[in-house]
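The briefing below goes through one protein model by topic, beginning with a single residue and moving on to the overall fold, the sheet, the helices and the loops. Please read it alongside the sequence and the coordinates.

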Amino acid sequence: LGMPAPVRQQAFRRPTRQVVVGGVPVGGGAPVTVQSMTTTPTADVDRTLQQIAELTAAGCQIVRVAVPSQDDADALPAIAAKSQIPVIADIHFQPRYVFAAIDAGCAAVRVNPGNIKKFDDQVKQIARAASAAGVPIRIGVNAGSLDQRLLAKHGKVTPEALVESALWECSLFEEHGFRDIKISVKHHDPLVMIAAYRLLAASCDYPLHLGVTEAGPRFQGTIKSAVAFGVLLAEGIGDTIRVSLSAPPVEEVKVGHQILESLGLRPRRLEIVSCPSCGRAQVDVYKLAEQVTAAFEDFPVPLRVAVMGCVVNGPGEAREADLGVSSGNGKGQIFVRGKVVRTVPEHQIVEALIEEAMNRDWTTATE
Ligand code: SF4
């Protein structure tokens, strides 16, 4: 079981313009940000703010709220004022909600290009109002909202159709000198989505919001998003991400952070280096790894903690870890940076790891 030290290096990033969403820069070399979207009725201000607080605590940096009705638009001033993170209003149909969102102090507005044509004549006013308020606009194209004209032209939702739609929508704003734009071209199929973003990245210098739309329940959605974002981010494409899961939005944020940490695009927090177990294992590695993960989840400094199933390969294999355990004969050898510091009965392993972690200064943690 080989476990080479991960190569951590500054990833290449595609140069883009920068937009600023309520103080959070997106693109132009800024760190990739993690977004999510509330699932509460936006008009229910208390529940929406409660969910935004939970998302913020989980590390969400920008939050989007749906605005399908006047009641939701009416709730925006209170939500924008009390949210700890910038709020983006997601508007599908009504141009007047765009103006309401800008007036309400929302940090940005997402518009749906399949419908924007209906208010072509108002694009100028929207561009003017957004510009005056310093509010960026996200052009959010997805399969369901693709313009009928482009659907007919391309025959189906292709990467080319998604990109043509997005760039056409951008041009409507550009005509009025408005370029404070970020773009998404989401699709449920990671292959289509990857091709679309690559094409878009080559066709403009706007910052890009990555998303696999309708990615599915937690497991499938996590894999699809990780694969698609991983390919694009490794190529330097993507400035802000939203993982879409049929699961509570806090899960989306956790997955988003893990994707960025895995790619070295965000400082590592907790990393569990656990072996997959094999015929040599002398402990239930799966269970122990879960227990150690739970125990260290909120540890205040970044740590790499190893959980190894046998003493034969344990400390040596995991010498890159800050601390760890290898088990055998009902005991756990606790090691710190490859050196065994103590041996404890199996039931005290988690407690001993926490003690060792608390008793040390990790400011020189490995990276
Ligand atoms: Fe490697 Fe030992 Fe774990 Fe097997 S039990 S995977 S040999 S560390």
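Predicted model: local features only at pLDDT ≥ 70, side-chain atom pairs only at ≥ 80, totals over all residues.

**Surroundings of Pro 25**

- Once its neighbours within four places in sequence are left aside, Pro 25 is in contact with Gln 18, Val 19 and Val 20, and also with Ala 30, Pro 31 and Thr 33.
- Pro 25 and Asp 239 are separated by 214 residues in sequence, yet their C-alpha atoms are 9.3 Å apart in space.

**Overall fold**

- The protein has 367 residues, of which 52% count as buried, and its secondary structure comes to 13 helices and 15 strands.
- Taken along the principal axes, the C-alpha atoms fill a box of roughly 75 × 40 × 35 Å.
- Among the contacts with a separation of 6 or more, 63% are accounted for by residues 24 or more positions apart.

**The eight-stranded sheet**

- An open sheet of 8 strands runs in the order E8-E7-E6-E5-E4-E3-E10-E9, and its pairing is parallel; the edges are formed by strand E8 (181–186) and strand E9 (209–210), each of which pairs on one side only.
- Helix H10 (residues 249–262) packs on this sheet, where it touches strand E3 (33–37) and strand E10 (240–242), and the direction of H10 makes about 160 degrees with that of E3.
- Within the sheet, strand E6 (residues 108–111) and strand E7 (residues 137–142) pair in the parallel sense over 3 bridges, and Arg 110 has Arg 138 of E7 as its bridge partner.

**Helices H1 and H2**

- The axes of helix H1 (residues 45–58) and helix H2 (residues 70–82) come within 10 Å and cross at roughly 30 degrees, and the two helices are therefore roughly parallel to each other, given that angles under 35 degrees are counted in that way.
- The crossing of H1 and H2 is right-handed; on the H1 side the contact is made by Val 45, Thr 48, Leu 49 and Ile 52, and on the H2 side by Ala 75, Ala 78, Ile 79 and Lys 82.
- Sorted by class, the contact of H1 with H2 has 6 nonpolar, 1 polar and 1 charged residues.

**Helix H3**

- In helix H3 (residues 95–104), the buried residues are Pro 95, Tyr 97, Val 98, Ala 101, Ile 102 and Ala 104.
- These buried residues of H3 pack against H2, strand E5 (87–91), E6 and helix H5 (123–133).
- An α-helix has 3.6 residues a turn, so residues three or four places apart point the same way.
- Directly after H3 comes Gly 105, whose phi is positive, near 90 degrees.

**Strand E13 and its partners**

- Strand E13 (residues 323–328) is mostly covered, with 6 of its 6 residues buried: Leu 323, Val 325 and Ser 327 point one way from the strand, while Gly 324, Ser 326 and Gly 328 point the other way.
- Strand E12 (residues 303–308) pairs with E13 in the parallel sense over 4 bridges, and the bridge partner of Ala 306 in E13 is Gly 324.
- E13 and E14, in contrast, pair in the antiparallel sense over 6 bridges, with Ile 334 of E14 as the bridge partner of Val 325.
- The hairpin of E13 and E14 has 2 residues between the strands, and in this hairpin Asn 329 takes a positive phi near 55 degrees.

**Positive phi in loops**

- Most residues other than glycine have a negative phi.
- Ser 277, which is found in the loop between strand E11 (270–274) and helix H11 (285–296), has a positive phi near 75 degrees although it is a residue other than glycine; with a relative accessible area of 27%, Ser 277 is partly exposed.
- Arg 337, placed in the loop between strand E14 (331–336) and strand E15 (339–345), likewise has a positive phi, of about 45 degrees, without being a glycine, and Arg 337 counts as partly exposed at 32% relative accessibility.

Definitions and conventions. Residues numbered from 1 in each chain as written. Heavy atoms only, no water. Axes fitted to C-alpha atoms, helices over the stretch in contact; angles between N-to-C directions. Parallel < 35°, antiparallel > 145°, perpendicular 65-115°, else oblique. Left-handed = near helix turned anticlockwise from the far one by under 90°. Contact = heavy atoms within 4.5 Å. Nonpolar A, V, L, I, M, F, W, Y, C, P; charged D, E, K, R; others polar. Pairing = 2+ DSSP bridges. Buried < 20%, exposed > 50% of the residue type's maximum accessible area, 1.4 Å probe, protein only.
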